[in-house]
Amino acid sequence: MSAIDKEPFPRGALIAAAALIGFSLLAAGYGRFSSQTDATESAIVQTAPARSMALTFIDEADGAVSVRDVVTGAVVITLAPGGDAFIRSVLRTMARDRRARGIDRAPPFRLSQWTNGTLVLEDTATGRRVDLRAFGQTNKQAFARILDAQSPLTQNERTGGSGG
């Protein structure tokens, strides 16, 4: 038999381990449930976007996807069949979330860009937001192309807001 079989585990080490685990759980819980938000979320909530569009995405018979402006009904851009894999992937994920919640395709998505460069796609039906900066500049630019292709309506005309 070894010495470890004869002597009990050191009590101080057990207390220290329990304290560390307890502190970790408390810190994680506080971070998860506190009213603190990161700078990006705070900026999004407190300011209006520089550009924003309400959009629907329509699957065409040839495999293309038509991106339509909800306000005007006009096609903003058409995604070629088999192209724009990142946009299609994000939309598939959001569509899957809608199906799981029993929501149809009718509610629009909102694509918004803030003056600080934040680009967010929001599902107006579920409230889910995707900060597109998280996927890198190239993927962010894939969605920015949609805003760049919009017709020259004012912000209020495009989002349905009132002037002033």
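Reader: Are F57 and F109 buried or exposed?
Author: Happy to start there, with the note that this is a predicted model. Buried here requires under 20% relative accessible area. Both F57 and F109 come out as buried.

Reader: How do the rings of F57 and F109 pair, edge-to-face or stacked?
Author: Their centres are 5.7 Å apart, with 70° between the planes. Planes over 60 degrees apart count as one class, so the angle decides it. The F57 and F109 pair is edge-to-face.

Reader: How many residues apart in sequence are the parts that F57 and F109 tie together?
Author: F57 belongs to strand β1 (residues 51-59), while F109 belongs to strand β4 (residues 109-113). The pair therefore ties together parts whose separation in sequence is 52 residues.

Reader: Which residue has its charged end over the ring of F109?
Author: Look 4.2 Å from the centre of the F109 ring. The charged end sitting over that ring is the one of R98.

Reader: Which residues do ring pairs link into a cluster?
Author: Start with F86 in helix α4 (residues 85-100) and F143 in helix α5 (residues 137-148), which are 57 residues apart. Both F86 and F143 are buried. Ring pairs link these two with one further residue, giving the cluster F86, F135 and F143.

Reader: How many residues does the largest nonpolar core have?
Author: Nonpolar side chains tend to be buried together in soluble globular proteins. In this model, F57 and F143 are among the residues with the most contacts inside the largest nonpolar core. That core has 24 residues.

How values were computed: Residues are numbered from 1 along each chain as its sequence is written. This is a predicted model: local features need pLDDT of at least 70, side-chain atom pairs count only at pLDDT 80 or more; totals for chains, interfaces and linings use all residues. Side-chain values use heavy atoms; hydrogens and water are left out. Rings of Phe, Tyr and Trp (its six-membered ring) pair if their centres lie within 6.5 Å; planes under 30 degrees apart count as stacked, over 60 as edge-to-face and the rest as tilted. Helices (H or I, at least four residues) and strands (E, at least two) are DSSP runs, numbered from the N terminus. Buried means under 20% relative accessible area, exposed over 50%, partly exposed in between (1.4 Å probe, protein chains only). A charge sits over a ring if NZ of Lys or CZ of Arg is within 6 Å of the ring centre and within 35 degrees of the ring normal. A nonpolar core is a set of buried Ala, Val, Leu, Ile, Met, Phe, Trp, Tyr and Cys residues joined through side-chain atoms within 4.5 Å.
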